Amino acid sequence: MAQATLPPEVLDDAKARRYSADAAGLGRLRAGAFVAPALALISLFLVFPALWVLYLGLSNYRLTGAAAAAPQSVGFDNFVKALTDPEFWNSTWLTFEFVLGSAVIGQVVLGFLLAWIMRDRTGPLKRIVEGLVILAWILPSAVVSFLWVALLDRDDGTLNTLLHSQDFAPLLDHPMLSIIVFNTWRGAAFSMMLYGAALGNVPPSHLESARLAGASGWQQLRDVVFPHIRGHVLTNLLLISLWTFNDFTPFLLTAGGPDGKTEVLAVHVYQVALQGGELGYGAAVSTVILLINLVVAVFYLRLLRSKK
Amino acid sequence: MTRFVLHRIGFYVLIAVLLAFFTVPLLWLASAPFTSDPTYQVRLPDFTSENFRAILDNPYALGSLWNSVVLAAGTAVLVVVFAALAAYALSRVRLPGRDALLYTLLLLSSIITGTAAMVPLFQLAVELHLIDSQLGLILIMTGGLLPAAIFMMKDFMDSTPKSYEESARVFGASPLQIVRHVVVPLVRPGLATIAVWAVANVWGNFLMPYLLLSDVEKQPAAVIMYTLYTEGGQANIKLLATFGLLYSVPVVLMYLFVSKKYGFRFHGGIKR
């Protein structure tokens, strides 16, 4: 469910109004009936769980035992417990490292670099590079996770072969760095495509005059390109941060280990609630995740509105 | 002149490094299925088809691929039908509270992720006896995908001209006939896009089936793949190689199909 969102023009009211006339004579009643099944499923399986998580977070619900049969309200105990639990803060910090390293730095920089060096190119080289980057993005996460497990294997992983090293086990020795590099590899395609589209909007004449005026490559980037793509950069940052923050794929590589060194919040919730059975406490952590998502999403929607 | 040459060299070195970074992790998937006695090492394949027998020998491999097909197809059908109906109504009829509804849908689709909702969804599935039910999983995943699907679909609906519907109405077609025979053909590319997007989403989804299906005979390929490389003892590398390849091929074919047919245009953010 890590999907997302829409082009800005969706919110374009003027366009919508032009075509909004009820040309087929549907009428409000039938229109309501058309919307009903979708709303029913969304309410039951999306809205209700989101509200219920708030309630669960205030209870001592457990997967098994007495508290499973008759859960009781415990007020804000779960939240207090989370906020005083070093493991929660450890996970929060790891999540911050993961989002900052793999999304804000890794995917943005690599995605932009790819879009920038491919911007004027056509032909097979561009198709091959883009094809491979996109392949990393579209393959199922269970498959790419295993490919990285094989790549980083201590005994005969390809990385050890390439480095002529022995017994180098990145997933054990540098687990956080491993999942950051993995996620950068995995998700760079989105940023590449977004910046590719954005760079297409930079008028070539502006770049040309900057070049004639003797601007260096870096100056061209900063003074000509960046002002044109600023909105895209912000959109990109918000979306990939949101996705990376909610990404469960690190679990497939390291299952949070070794010793909880890669237990980002997504994995932490799974471990405490579904492995440990503390559903109430897990729900409290989920509530924190929901609130962070809400803040980022509201920022994003504000941004879309202001662009209009 | 030397500056130009250095520039060129630098450029190609950079390209080579980037290509290597993206290619090396994928090499194994291309070589191991066709190599005799594969290990984690990447070796030149000798093009044996021996390894594919491992799939037939495993009792769950083919079944899990079929389960993936069932889950993906079931979810895609429900998402396309319900999203199309809702998007059409929302596009053409000014229902009370429509704009607020659309805004809320948009917000919900981005904040209520599998990660944030796994605890209550698991609870809900237990209460409704939907654990180990493929239909239950299909409904849950449909609910998760619908908001974004309605949004994308409404975009398609808004950009179709209403004049066809008007003329059909002049000729006495009923509203439902108009929807079926005029609107559906007009927005077919949109329907196809949503269907492919939903299939891709479900095909790769690991978390939901992992949470909600514990019966190994019902689990889709994503979960079986994970079990294969994490279960205790010696991992069956022949099986992992060929199974991983078979599980990946449909996604690649779908991508090629979409990019050939519609061009992989970039639409804000359709992500799997």
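Predicted model: local features only at pLDDT ≥ 70, side-chain atom pairs only at ≥ 80, totals over all residues.
Chain A contains 15 helices and 0 strands, and its C-alpha trace extends over about 75 × 70 × 30 Å along the principal axes. Of the 308 residues in chain A, 44% are classed as buried. Among the contacts in chain A that join residues at least 6 apart in sequence, 70% link residues at least 24 apart. In an unreviewed UniProt entry, residues 93-300 of chain A are annotated with the feature "domain: ABC transmembrane type-1".

The principal-axis spans of the C-alpha trace of chain B are about 70 × 70 × 35 Å. Buried residues account for 48% of the 272 residues in chain B, and 72% of the contacts in chain B between residues at least 6 apart in sequence join residues that are at least 24 apart.

The contact between the two chains involves 87 residues from chain A and 92 residues from chain B. On the side of chain A that touches chain B, the largest share is supplied by helix α2 of chain A (residues 27-57), which gives 19 residues. By class, this side of chain A consists of 68 nonpolar, 13 polar and 6 charged residues.

Chain B is divided into domain 1, covering residues 2-48, and domain 2, covering residues 52-261. The centres of domain 1 and domain 2 of chain B, taken over C-alpha atoms, are 33 Å apart. The contact between these domains draws 5 residues from domain 1 of chain B and 7 residues from domain 2 of chain B. On the side of domain 1 of chain B that touches domain 2 of chain B, 4 residues are nonpolar and 1 is polar, with no charged residues present.

The largest nonpolar core comprises 170 residues, of which Val79(B), Ala83(B), Ala86(B), Ala149(B), Ala198(B) and Met225(B) touch the most other members. Helix α3 of chain B (residues 61-92) provides the largest share of this core, namely 16 residues. Since domain 1 (2-48) and domain 2 (52-261) of chain B both give residues to this core, it lies between them. The surroundings of Val79(B) can be given in more detail: when residues up to four places away in sequence are not counted, Val79(B) touches Thr142(B), Leu145(B), Leu146(B), Ala149(B), Ile194(B) and Ala198(B).

Two residues in the loop between α5 and α6 of chain B were also examined for their backbone angles. His129(B) is located in this loop, between α5 (114-127) and α6 (134-158) of chain B, and has a positive phi of about 55 degrees although it is not a glycine. Because 12 or fewer neighbours is the condition for exposure, His129(B), with 9 C-beta neighbours inside 10 Å, counts as exposed. Asp132(B), which lies in the loop between α5 and α6 of chain B, is likewise not a glycine and has a positive phi of about 65 degrees. With 15 C-beta neighbours inside 10 Å, Asp132(B) counts as partly exposed.

A further residue of chain B, Thr227(B), is situated in helix α11 (residues 221-230) of chain B. Thr227(B) has 15 C-beta neighbours inside 10 Å and therefore counts as partly exposed. Along the chain, Thr227(B) and Ala87(B) are 140 residues apart, and their C-alpha atoms are separated by 39 Å.

Terms used:
Residues numbered from 1 in each chain as written. Chains lettered and ligands numbered in written order. UniProt positions renumbered as here; feature names shortened; annotations may be inferred. Core = buried A, V, L, I, M, F, W, Y, C linked by C-beta atoms within 7 Å. Buried ≥ 20, exposed ≤ 12 C-beta atoms within 10 Å, placed from the backbone. Helix = DSSP H or I, 4+ residues; strand = E, 2+ residues; numbered from the N terminus. Domains from an automatic or database assignment. Nonpolar A, V, L, I, M, F, W, Y, C, P; charged D, E, K, R; others polar.
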